[in-house]
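Please consult the sequence and the model shown below while reading.

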Amino acid sequence: MSVNKVILIGHLGQDPELRYTNEGTPVCNMNIATSETWKDQSGTQQSRTEWHRIVLWRRLAEIAGQYLKKGSQVYICGKIQSREYEDSNHPGVKRRIFEIIADELKMLDRKSDNNKTD
């Protein structure tokens, strides 16, 4: 048995990038940051931020492109997938990246109170 499942809650580092494949399928790329803090042995607070590349397809891609922006907090559930590509700055050099292919997206920001009418 094997399991490939990732759950992340983090903030977008920039606006999502929505585009369409040649076949017209929506795909959205975005980066989210997750952070952790702890105290080391001397009691000094330490922190670390990890960046995760997220890929959304079809309706999830359209939703992300329409409603999310830099700083938005999101819940992502999906799987880790790696892929190789040729570095355009260094022909013949292959690079490998790891991405989270999301199959679930939840927007965690609260709705603005600016829309209230009294």
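## Salt bridges

The model contains 9 salt bridges, a salt bridge being a side-chain nitrogen of Lys or Arg within 4 Å of a carboxyl oxygen of Asp or Glu. This is a predicted model, in which local features need pLDDT of at least 70 and side-chain atom pairs count only at pLDDT 80 or more, while totals for chains, interfaces and linings use all residues. Residues are numbered from 1 along each chain as its sequence is written, and side-chain values use heavy atoms, with hydrogens and water left out.

One of the salt bridges joins E17 and R19, whose closest N and O atoms are 3.8 Å apart. E17 is partly exposed at 45% relative accessibility, and R19 is partly exposed at 38%. Here buried means under 20% relative accessible area, exposed means over 50%, and partly exposed lies in between (1.4 Å probe, protein chains only).

E84 and R96 form a salt bridge through their side chains, at 3.2 Å from N to O. This pair links distant parts of the chain, with E84 in strand β5 and R96 in strand β6, 12 residues apart. Helices (H or I, at least four residues) and strands (E, at least two) are DSSP runs, numbered from the N terminus. E84 is partly exposed at 47% relative accessibility, and R96 is partly exposed at 48%.

A salt bridge also connects D87 with R95, the closest N and O atoms lying 3.0 Å apart. D87 is buried, with a relative accessible area of 12%, whereas R95 is partly exposed at 35% relative accessibility.

## A salt-bridge network

E36, R48 and E50 are linked to one another in a network of salt bridges.

## The nonpolar core

The largest nonpolar core has 16 residues, of which M30, I54, L56, I76 and L105 touch the most other members. Such a core is a set of buried Ala, Val, Leu, Ile, Met, Phe, Trp, Tyr and Cys residues joined through side-chain atoms within 4.5 Å. Two or more residues of this core come from each of β1 (6-12), β3 (26-39), β4 (45-57), α1 (58-67), β5 (73-86) and β6 (94-107).

Leaving aside neighbours within four places in sequence, I76 is in contact (heavy atoms within 4.5 Å) with residues including V6, L8, M30, I54, E104 and L105.

## R59 in helix α1

R59 is located in helix α1 and is partly exposed, with a relative accessible area of 49%. R59 and F98 are 39 residues apart in sequence, and their C-alpha atoms are 22 Å apart in space.
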